[in-house]
Amino acid sequence: MDAVANQGCRLSAAYRPTQEEAEEAVRTLLRWAGDDPNREGLLETPNRVAKAYRELFSGYEVVPEDVLSKTFSEVAGYKDMVLVRDIGFHSHCEHHMVPFHGIAHIAYIPDRCVVGLSKLARLVELYARRLQTQETMTAQIAKALDECLRPQGVAVMIEAEHMCMAMRGIRKEGAKTLTTVFTGQFDVSAERQARFMMLART
Ligand SMILES: Nc1nc2c(ncn2[C@@H]2O[C@H](COP(=O)(O)OP(=O)(O)OP(=O)(O)O)[C@@H](O)[C@H]2O)c(=O)[nH]1
Ligand SMILES: [Zn+2]
């Protein structure tokens with residue numbers, strides 16, 4: 001597995017701050033926002049935020065091999081694309097640490113083996129629960145599938161709305177970003193790409 005698919009994962013324990021340090025950082029941000037971390041309603045907030053961060057960014061604890069190592073080869077000769085579409089996700093942009101959310105569509109053309117369908121959704125979760133750009137996340141999902149399953153091709157499309165464009169900055173509610181990555185047979189065939197797009201979006 002190369003650097004792209006595993007970027008930023010499993011940082012050493014020594015690199016992580018302690019719970020107390022994380023809570024102190026939240027208290028600093030509360031003061032930066034203009035509030036008083038010592039008022040009653042905010043006393044437990046640093047602890048809650050630190051806990052929430054461990055959950056929201058739990059993707060750093062997992063690598064794609066953890067998700068994709070179990071495969072099946074008995075598929076009665078099935079060899080068309082397998083497509084799981086509308087996989088909802090929430091992530092955070094690495095520029096502002098503000099959420100972006102949307103749906104991912106993932107297809108692959110099996111070669112020797114297939115993978116459990118839920119594992120494709122788990123792969124989306126793995127990468128969504130890290131600081132991301134949409135382009136990186138799209139590329140990482142495709143690369144992980146290519147490297148773990150060695151299929152004949154992979155297609156990934158993500159449609160997402162970025163809160164850093166809606167809640168702040170340019171403040172454009174509803175703008176959607178579409179990203180696609182095609183590899184193998186999807187990459188060389190406009191017809192396969194069109195079929196993927198048609199199946200993913202109908
Ligand atoms: N390409 C890409 N850009 C993103 C993504 N998420 C957020 N951004 C953009 O990252 C850019 C960061 O731009 P900067 O000029 O460094 O930061 P900024 O001053 O906060 O930018 P504005 O949002 O325009 O106010 C912004 O244009 C965001 O819209 C993403 O997933 N992919
Ligand atoms: Zn952003």
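Predicted model: local features only at pLDDT ≥ 70, side-chain atom pairs only at ≥ 80, totals over all residues.
Trainee: What share of the 202 residues is buried?

Mentor: Buried residues account for 39% of the 202 residues in the chain. The term applies to a residue with under 20% relative accessible area. As for the surface, the chain exposes about 11600 Å², and carbon and sulfur atoms supply 53% of that area.

Trainee: Why is arginine 150 called exposed?

Mentor: The label requires a relative accessible area over 50%. Arginine 150 has 52% relative accessibility, and therefore counts as exposed. This residue is found in the loop between α6 (134-149) and β6 (153-162).

Trainee: Which residues does arginine 150 touch, not counting those up to four places away in sequence?

Mentor: With those neighbours set aside, arginine 150 touches Asp111, Arg112 and Leu145. What makes each of these a contact is that heavy atoms lie within 4.5 Å. A further reference point is leucine 117, 33 residues from arginine 150 in sequence and 16 Å from it in space, C-alpha to C-alpha.

Trainee: Why is cysteine 148 described as partly exposed?

Mentor: Partly exposed covers what lies between the 20% limit for buried and the 50% limit for exposed. Cysteine 148 is at 25% relative accessibility, so the term partly exposed applies. The residue is found in helix α6.

Trainee: What makes the phi angle of aspartate 86 worth noting, and where is the residue found?

Mentor: Phi of aspartate 86 is near 60 degrees, a positive value in a residue other than glycine. Aspartate 86 is found in strand β2 (residues 82-93).

Trainee: Where is arginine 171 found, and what is its phi value?

Mentor: Arginine 171 is found in the loop between α7 (163-166) and β7 (177-183). Its phi is near 55 degrees, which is again a positive value in a residue other than glycine.

Trainee: How do you know that arginine 171 is exposed?

Mentor: Its relative accessible area is 61%. Since exposed means over 50%, arginine 171 is exposed.

Trainee: Why does alanine 76 count as exposed?

Mentor: Alanine 76 is at 85% relative accessibility, over the 50% limit, and so counts as exposed. Its place is in the loop between β1 (71-72) and β2. Alanine 76 and serine 91 are 15 residues apart in sequence and 37 Å apart in space, C-alpha to C-alpha.

Trainee: Which residues lie nearest the centre of the largest pocket?

Mentor: Of the 22 residues that line the largest pocket, Arg16, Pro17, Ala22, Tyr53 and Phe57 lie nearest its centre. The elements giving two or more residues to this lining are α2 (19-33) and α3 (45-56). Helix α2 supplies the largest share, six residues. About 850 Å³ of space lies in this pocket.

Trainee: Why is proline 17 called exposed?

Mentor: Proline 17 has a relative accessible area of 52%, and because exposed means over 50%, the name applies. Proline 17 lies in the loop between α1 (3-6) and α2. The C-alpha atoms of proline 17 and histidine 101, 84 residues apart along the chain, are separated by 28 Å.

Trainee: How many positive and negative side chains does the chain have?

Mentor: There are 25 positive and 27 negative side chains, and the centres of the two sets lie 3 Å apart.

Trainee: What share of contacts between residues at least 6 apart in sequence joins residues at least 24 apart?

Mentor: Among such contacts in the chain, 70% join residues at least 24 apart.

Notes. Residues numbered from 1 in each chain as written. Chains lettered and ligands numbered in written order. Heavy atoms only, no water. Buried < 20%, exposed > 50% of the residue type's maximum accessible area, 1.4 Å probe, protein only. Areas by Shrake-Rupley, 256 points an atom, 1.4 Å probe, with all protein chains shown as cover. Lys, Arg positive; Asp, Glu negative; His and termini not counted. Charge placed at Lys NZ, Arg CZ, Asp CG, Glu CD. 1 Å grid on protein atoms, 1.4 Å probe; cavity = no way out; pocket = protein on both sides within 12 Å on 5 of 7 lines; lining within 4 Å. Points joined across faces, edges and corners; volume = space filled by probe spheres on them. Helix = DSSP H or I, 4+ residues; strand = E, 2+ residues; numbered from the N terminus.
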